[in-house]
Amino acid sequence: MDSAGRRRTLRSIGRASESSGFEAACEAALRVVEGGRVPDDATVDVLARRIAGGGGGAGGADLSVYDGFLKGAVADGS
């Protein structure tokens, strides 16, 4: 990450920590970085709020059925 990206990340952590706490903000920024992106204010804030509220885990919906649509499978499962 270049210096502008680091600056943007630290700013995002600082802003998100005001409402969600420092630990949740750092965890949110880390998840964004691990996803291959540079953290931004909005993404870190929303994710930090979810983490602080106990909703940082995977969602409850099973979206694996849509993999077939993306691969061009037909409705009969082939």
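A helix crossing is called left-handed if the near helix is turned anticlockwise from the far one by less than a right angle, and right-handed if clockwise. The views below show a predicted model, in which local features need pLDDT of at least 70 and side-chain atom pairs count only at pLDDT 80 or more, whereas totals for chains, interfaces and linings use all residues. Residues are numbered from 1 along each chain as its sequence is written, and side-chain values use heavy atoms, with hydrogens and water left out.

View 1. Read along the sequence, the pattern is α-α-α-α, where helices (H or I, at least four residues) and strands (E, at least two) are DSSP runs numbered from the N terminus. Of the 78 residues in the chain, 23% are buried, that is, they have under 20% relative accessible area, while exposed means over 50% and partly exposed in between (1.4 Å probe, protein chains only). The accessible surface of the chain comes to about 5500 Å², and 55% of that area belongs to carbon and sulfur atoms; the areas come from the Shrake-Rupley method with a 1.4 Å probe, and for residues only the protein chains shown count as cover. Among contacts (heavy atoms within 4.5 Å) between residues at least 6 apart in sequence, 53% join residues at least 24 apart.

**View 2. The packing of α1 against α3.** The two axes, which are lines fitted to C-alpha atoms over the stretch in contact, with angles running from 0 to 180 degrees between N-to-C directions, lie 9 Å apart, and α1 and α3 pack at an angle of about 35°. The crossing of α1 and α3 is right-handed. On the α1 side, the contact is made by R11, S12, I13, R15, A16, S19 and S20, and on the α3 side by D41, V44, D45, A48, R49 and A52.

**View 3. The salt-bridge network of R11, R15 and D41.** A salt bridge is a side-chain nitrogen of Lys or Arg within 4 Å of a carboxyl oxygen of Asp or Glu, and a search of the whole structure finds 5 of them. The side chains of D41 and R11 meet at 3.6 Å, N to O; this pair links distant parts of the chain, with D41 in helix α3 (residues 41-52) and R11 in helix α1 (residues 3-20), 30 residues apart. D41 also forms a salt bridge with R15, at 2.5 Å, N to O; because D41 lies in helix α3 and R15 in helix α1, this pair ties together parts that are 26 residues apart in sequence. D41 counts as partly exposed at 24% relative accessibility, as does R11 at 39%, and R15 is likewise partly exposed at 47%.

**View 4. The packing of α1 against α2.** The axes of α1 and α2 come within 7 Å and cross at roughly 140°, which makes α1 oblique to α2; angles under 35 degrees count as roughly parallel, over 145 as roughly antiparallel, 65 to 115 as roughly perpendicular and the rest as oblique. The crossing of α1 and α2 is right-handed. T9, I13, A16, S17 and S20 of α1 meet F22, A24, A25, C26 and A29 of α2.
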